[in-house]
Number of protein chains: 2
Amino acid sequence: MQNFIFQNATRILFGAGTHTQVGKEVSRHTNKVLLHYGSGSIKKTGLYDQIVQSLRESQIGFVELAGVQPNPRLSMVKKGIELCREHKIDFILAIGGGSPIDSAKAIAAGVPYPGDVWDFFAGKRIEKALKLGVVLTIPAAGSESSDSSVITKEEGWYKRAIGSNLLRPVFSIMNPELTYTLPPYQTAAGITDMMAHILERYFTTEPNVDLTDRLCEATLKCIIRNAPKALKEPNNYDARAEIMWSGTIAHNGILGTGRISDWATHGIEHELSGIYDITHGAGLAIIFPAWMKYVYQVVPERFMQYAYRVWDVAPDFFSKTNMIHEGIARTKQFFSEIGMPVSLTEAGIDASRLEEMAQKCTEHGPLGSFMPLHKQDVLKILQTAL
Amino acid sequence: MQNFIFQNATRILFGAGTHTQVGKEVSRHTNKVLLHYGSGSIKKTGLYDQIVQSLRESQIGFVELAGVQPNPRLSMVKKGIELCREHKIDFILAIGGGSPIDSAKAIAAGVPYPGDVWDFFAGKRIEKALKLGVVLTIPAAGSESSDSSVITKEEGWYKRAIGSNLLRPVFSIMNPELTYTLPPYQTAAGITDMMAHILERYFTTEPNVDLTDRLCEATLKCIIRNAPKALKEPNNYDARAEIMWSGTIAHNGILGTGRISDWATHGIEHELSGIYDITHGAGLAIIFPAWMKYVYQVVPERFMQYAYRVWDVAPDFFSKTNMIHEGIARTKQFFSEIGMPVSLTEAGIDASRLEEMAQKCTEHGPLGSFMPLHKQDVLKILQTAL
C-alpha cells in the first residue's frame, strides 16, 4: 500500500426534497452567487424556480450564467471569470451534472488568478479559488465532491484536467428525485462514467490494497445491480438513490487511497470526446474493454479477481485467460445492455483520425500507470475499439 | 434509504514514517498544544521523543497531560480543561488510541464551555470546541476521524457518549508501523471494536441500503482476512495497514449513510466496561453474538445476507435459521480465535450484577433501533452471554 493524504470536506445533503435547502446552505458562506447551469432543462422541470425561491428566501442575490455545454468549454469559463470579477462574486452555485460543476470549478480557480486560467490545465498549481456549491441533477462525473475539473479548449480541441483540494465543493445537494427525468441514454452514460472512475482506480499494479479493492468491487456491484432498475423504472427512488450515492463514492477519493490509479482510458477518451464531442460515458464504454484486452497481461491475477468478484465468473484454475476474457466480455456486454455504444463504429467514428488522437494524448509522455502507453499502444487500443 | 447529511473533513496522513510530520501539521493551526497521552508506552517505544522533536522543529510549544486510562475518565477530562485554560491552549494533540483521543475530544468541548462538561454527556448540544489532532497508535475506536467520544464518570461509573461534527480531529496521522508493538490482546480487541462499529450500522431495519450494505461487507471481509495475519506476524506492514485503514473507514460515517444504526450492543457493553473495567473490544465480543441471537427474527433476511456475504455460509433455501445460526456461530468463533473472550464467564464476570446493568442502560428508555430493547430484553441478552 502506498502512503497517502486524504481529505474531503464536502458537506453532502442527500435525499428527497433536499434541494429546497440550497438558500440556507449558501447563506453559510455568502449573500451573492453566480448561478451556473446548462441547457435550461432545469427551467422545464421547475427546478430553476424552486432554487431561485430558496435563494430569495435566504436573501441570496445572484447573477446567472447559463448555457454550459456537455464537455464544457474554456470560452464559457472565461465568461464566468469576467462576470464574477465584474459583480464581485465570491461563490459559484452550479446546478446540473459534471459539465456545469467542472465549469464552475475552473471559474473558481480563475477568478483570483491574474494570468490565463488555462495555465492550470497546463500544469500550474492552484493556490487560491473561490468557493462553490452544487445542486446535482446528473449522477455521473462525481464532480460534486471530487477535486477535479475537465475543460475543453476550443482552439485545437484540447480536453484537459485539473485537480486540487481547493476545488472540492463546500456543499453538494443530492436529491435522487431530480434524476427521474434524465433520459435513458444520459442515465446510462452517467452509470458508465462512475464505473469507469472505479475501474481507473481498481486496475493498479500496487499490491496489498485489499480494503480498497473490496470497496471498489462493492460499489461496482451496487451499480451493476441498480442500473437496470433505474433504467426500467425511472421513478424508482431507491434505485436512483443507490446510483446517485455510488457516483459520489466512486470519485470522492476514498477508493483510490493507497493505490496508484491508472487514468489511461480517460486520457484516450478525452481525445475522442474532445474531437467528436460524443458523450464522455459513451466514449468510456468504447475504450475500457479495448484497454482491458490490451493490458491484462501486466497483472492477470487482478483481472481474474475482477472477473470473479465483480461479475461472478466461476474461477477457472486451468485457464487464466478464460476467466479474464469472460470478465472483459461481461463488462462490454453490460455497457451494451444499458444502451451504450461499445465500438467506435457504433458511435459513427471511423479510422481516419485514430493516429491523430493517439499522437495528441501521448504528446506529453506515456499515458497511465498500469501499463504506460505510448502512441503505438494507444493506436492499437483504438483499432481494437473500432 | 433515509435522507442524510454527511461531512467528514478530517485530513488523513497515512503510511510509514508519517508521524514525523506532526509538527508541520500542527503548525497549520497553532503554536502551542496540550500533549495528551496514556500510560507512557510511547516513551518506551521512542515515539514520544520523535513527536517532541517534530514539534520543536516546527516551534510548537506544549504542555503535557499523560496518564489517560482505558475507558477514559471524567476527572482526567476536567484536569485537561483546567490546564488548557491556565495555559491558554487552543489545540489538543492526542497520541494513542481511542482513550486519549476521546479524552481530548471531551476536553476540546469543555474548554470553551462555562458549565460542567458532563452536561454534554447528558444531552446538551456542543456549540463550540477547540481543535484537535491525532497521532494514532491503536487502530480500534475509529475516534481518529469520528465525531464521537465516550467518557466514564467515576461517580456511579456512568459511561456515556457525545457526538458532534465539531469533535472530528482536523488531522490524523496514521502510521501502521506504530502498531507493530501492540500486544496480541489489544490488537484483537481493536479488531473486534472496528467490526462492531460496522455491525452496529449493518443491522438496520431500513430497506434499500444496497451500497452501504456492500461497503460494510467489504470492510468486514478485509478485517476478517487480515486480522489473523496481523496477529501472526505483528510486523507485517500490509496486514497492519489494512487493519488500520479499515478501523477508520468503519467509523468515519460513510458506512452509516442512509441507514438507521442500532448501537444497542455498545450501550450494553458500556455498562460492562463501566462496571468491570474490561476492555471495550472484549465486552463487544461477548455481547454481539448474544444480541444477534436475540434479535435476528426482526429481519431474518438481513442475517441471511450477513451469513452468506460476510462469512461465505452457503445459502440454505429450506431453512433460514440454519444459515442465520451458522453466521452467528462463525462470528463468535472468529472473536474466539483471535483471542477474545466470548462469554461473561470467560471474562470472569458472574450473574450477580446483570440486573443492575440491564437497569442502568435502559433507564432513559429502550436501547437500539433494530429491536428496541427494554430492561428485560437486555437482561435476557446478558444471560445468554453468561
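In which sense do strand 1 of chain A and strand 8 of chain A pair, and over how many bridges? Strand 1 of chain A and strand 8 (residues 171-174) of chain A pair in the parallel sense, over four bridges. Within this pairing, A:Ile12 stands opposite A:Ser172 of strand 8 of chain A. Two strands count as paired if DSSP finds at least two bridges between them. Strands (E, at least two residues) and helices (H or I, at least four) are DSSP runs, numbered from the N terminus.

The model is predicted: local features need pLDDT of at least 70 and side-chain atom pairs count only at pLDDT 80 or more, while totals for chains, interfaces and linings use all residues. Residues are numbered from 1 along each chain as its sequence is written, and chains are lettered from A and ligands numbered from 1 in the order in which they are written.

Twelve strands make up an open sheet with mixed pairing, in the order 3(A)-2(A)-4(A)-5(A)-8(A)-1(A)-1(B)-8(B)-5(B)-4(B)-2(B)-3(B). Its edge strands, each pairing on one side only, are strand 3 (61-65) of chain A and strand 3 (61-65) of chain B. On average, neighbouring strands of the sheet are turned by 25° against each other, direction ignored; the axes behind such angles are lines fitted to C-alpha atoms, for helices over the stretch in contact, and angles run from 0 to 180 degrees between N-to-C directions.

| Strands | Sense | Bridges | Partners |
|---|---|---|---|
| Strand 2 (residues 32-36) of chain B, strand 3 of chain B | parallel | five bridges | B:Lys32 with B:Gly61 |

**The two copies**

Chain A is superposed on chain B by a rotation of 180° with 0.0 Å of shift along its axis (RMSD 0.0 Å). The superposition is by least squares on the C-alpha atoms of residues with pLDDT of at least 70 in both copies. The two copies are therefore related as by a two-fold rotation axis. In chain A, the C-alpha nearest this axis belongs to A:Ala9, at 2.0 Å.

The contact takes 32 residues from chain A and 32 residues from chain B, where contact means that C-beta atoms, placed from the backbone, lie within 7 Å. On the side of chain A that touches chain B, strand 1 (4-14), helix 8 (210-232) and helix 9 (237-249) each supply at least two residues. Helix 8 of chain A gives the largest share of that side, eleven residues.

**Single elements**

Helix 5 (residues 98-110) of chain A reaches 18 Å from its first C-alpha to its last. All 13 of its 13 residues are buried, meaning that 20 or more other C-beta atoms, placed from the backbone, lie within 10 Å of a residue's own; 12 or fewer means exposed, and in between partly exposed.

B:Ser319 lies in the loop between helix 12 (300-311) and helix 13 (320-337) of chain B. B:Ser319 counts as exposed because it has 9 C-beta neighbours inside 10 Å.

Methods
The expected span of a helix is 1.5 Å times one less than its number of residues. Two residues are in contact if their C-beta atoms, placed from the backbone, lie within 7 Å.
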